[in-house]
Amino acid sequence: MADVPGDFGFSDDHEILRDGARRFLEERCPIEEIRRLADDPVGHDPGVWKEMAELGWAGLTIPEAHGGAGLGNLHQALLLEEMGRRLLPSPYLGGALAALAIERAGDAAQQARWLPGIASGDTLASLGWLEPEGSWEPSDVKATARREGDTWVLSGTKAHVPCGADAALVVAPFVADGEIALFAIAGGFQAEAEVSIDPTRRTARLQFDGLAVPDDTRLSGGDLATWRTILLQSAAWLAAEMVGAAEATLGLTRDYAIDRKQFERQIGSFQAVKHPLVDDMIGIELARNHVYGAAAAFDAGETEAAETGARMAKAMASDVLARAVRHGVQFHGGYGFTLDCDMHFYFKRALFCRAMLGDAVHHRRHLAATLFGDTGA
Amino acid sequence: MSQAVEETESREIAEFRAEVRAWLAENRPPKPDFVMPQNFLFVETNEQFEYLRDWQAKVYEAGYLGLDWPAEYGGGGDTLKRQRIVTQETGRAGTPFFVNTIGLQWAGPVILKYGTEEQKKKFLKPILSAEEIWCQGFSEPGAGSDLASVQTRAEPAASGNGWTVNGHKVWTTIGTRAKWMILLARTDPDAGKYPGLSFFLMPMQVPGVEVLPLIKMTGEGGFNQVIFTDAAMPRGAMLGAPGQGWEVAMATLTFERGAAEGTGGGQATSSADTVQRAAKLASQTQRDGRPASEDPLLRDRLVQLWMQEEGLRLGGMRRRVPGLSPDRPMVLALMNKLVYSEYAQNLAELGCEILGPDAALWMGDPNAPADAEWPRAYMNSFGMTIGGGTSEIQRNILGERVLGLPKSK
């Protein structure tokens, strides 16, 4: 797979974005803020969201013609990594994924209609990535769209939709005339907040009970292949966020291993603590290689390589973050398993992210089929 | 860089790559009718050695080795980028490895870094041409992972000219063929563990140097022990200053572990033990009456190694983009040896498992698949996880130097 540019397409403006994001998020999203928002009914700070929109983040990858910043996947990966590091509670991810779907599947008129609102931060948007049966396969869609006159009638349920209770626009797949079709739905559905395992990430279950929507809400290029690519690109983006969270987890555990003394020694001097942390660091770096590799391949238009890279990124990030938080709780000892210790936020984020967009086993099963050039065993 | 400059450069690179590729296709040596060692650590017979030495000389004469070393010392005075292309292409072509690996990748770079003008003029060109083979004298029976406890002594010669060496080195790869050794020895026993060490360029073919082969678990040779008994080392043999030995040795290990650039080029192994190869093996091997490639558990393990292999490849690229590792600038370089050696070991072991019952056949049995190359590779892989600093030491180094954890006592 010799298909990623040697320098990953990295340039000064990537660096500027990352450094700016790190400073901004350090200031706006300290751990006290996470604790406050965990008990907040909305779950994120609308003032911070407004600032993020003003910084151009809400439309980071949206073309400039539609009010966005027109940046690429590597920008997105670096920004999400910083957000993951701070566990930023935000409608950002859902909006980014909805915009991605509209860019990939919508025609010019549809893009012009919805993208500017997402880019300005005025439209809270999200992606209906799952249904209650919990299949990560893009083809497993049970919700239906039935044509009635010049409208479509949508029926079915979407689960675990990020910020679904607040979203004014949701992109989701429905089966229309026996084929997968993507719709951009501006309200009219019933949203019931779920009790998310991750207090920094609100989700909702959306119910479509024969909701009639106009014909032009069906994204003209939203077939199964496109939906599959959207989900894999989303997985690559989520993996970037997970690498950031794993990095922060490792940092907390490292600091504790330096501070904490037992048997008159810093516990980080024990190889039983040191070596697992080194393995976590190595895993994070390898996962990061895949995250940047997939991003660079998407930016270069090498879709096949990018999709393999996305699977590797999400598979590795899922395992690495899970391992890092496990060590995080364990090495913090009795304190690590209290609600006072910050580690539980990362632990819960790890469980959430692993469960979305395919876990490690799911992606490795697909990768095996790629490796062997068959349809899977 | 402007787009025009970038395009010109990438065109030049593509042309150079095509040139190297064509040269390799034209000039690759015929497959020998004897068993070849799997990498430079395991050269044993004269015919293996001569075959490999001829190949390195030929590549050097064609101008594809030492491209980035200065021209006045026999190098090409060219860019590291072009040397890397040669290394990529030799790996891709699966041509034999370069037998003078210790010269190219360890001794040469430290001589370039610490050597006097005289030393550079004398030693570098014969390293590239493989006229003079180099070995390494670091480990001792009592100094393995704790390298700084070496006891081999270098004392000023009674004649007042040069040094006298006494001691015992082990794991001396290619010691029987070497003309020179990079030697870590104690010059001042009262100066403390680290400052008491100095670094030398020691002649091997002199009285008082005895090279005794060690036999590895595969039954193959390649490693040796070296006994020094009042061996004479000339004046001017020291590299760097008295007491600077530990620093030079650490710089050597940085090159050895692939953590520093500028190693003269060179692929140190001929076998491309890639996941693709293991996947092919699985497709061609029956397991309980079906192709092993249909076993979901084997598939998953192979995919995990593929992710490592691909992660290492991408990491090699990312290392050259400092802006993509701002928080831990050295981590990719320092973790490379550990991750690669464990990946290679796991892959070789998985290859044995894919073979199933036939993994029980050893070299020489007519039914042993590919003369037992997978079990042999698995056994040999411990050379990489132990040599050059064990995996356990690598984890300490990463934990302490990169993560900043306190030292293990």
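A crossing of two helices is left-handed if the near helix is turned anticlockwise from the far one by less than a right angle, and right-handed if clockwise. In this predicted model, the crossing of α9(A) and α11(A) is left-handed. Helix α9 spans residues 303-331 of chain A, and helix α11 spans residues 343-355 of chain A. Their axes come within 9 Å and cross at roughly 155°. Angles over 145 degrees count as roughly antiparallel, so α9(A) is roughly antiparallel to α11(A). From α9(A), the contact draws on S318(A), L321(A), A322(A), V325(A), G328(A) and V329(A). These meet M343(A), Y346(A), F347(A), A350(A), C353(A) and R354(A) of α11(A). By class, this contact has nine nonpolar, two polar and one charged residues.

Chain A is divided into domain 1 (12-123), domain 2 (127-217) and domain 3 (224-372). The centres of domain 1 and domain 3 of chain A, taken over C-alpha atoms, are separated by 21 Å. In chain A, 20 residues of domain 1 are in contact with 24 residues of domain 3. On the domain 1 side, α2 (31-38), α4 (73-86) and α5 (92-105) of chain A each supply at least two residues. The largest share, 10 residues, comes from α4(A). This side has 12 nonpolar, four polar and four charged residues.

Between the chains, 37 residues of chain B are in contact with 35 residues of chain A. On the chain B side, the elements that give two or more residues are α7 (275-284), α8 (296-318), α9 (331-355) and α12 (391-402) of chain B. Helix α8(B) gives the most, with 15 residues. By class, the side of chain B that touches chain A has 19 nonpolar, nine polar and nine charged residues.

Key. Residues numbered from 1 in each chain as written. Chains lettered and ligands numbered in written order. Predicted model: local features only at pLDDT ≥ 70, side-chain atom pairs only at ≥ 80, totals over all residues. Axes fitted to C-alpha atoms, helices over the stretch in contact; angles between N-to-C directions. Helix = DSSP H or I, 4+ residues; strand = E, 2+ residues; numbered from the N terminus. Parallel < 35°, antiparallel > 145°, perpendicular 65-115°, else oblique. Contact = placed C-beta atoms within 7 Å. Nonpolar A, V, L, I, M, F, W, Y, C, P; charged D, E, K, R; others polar. Domains from an automatic or database assignment.
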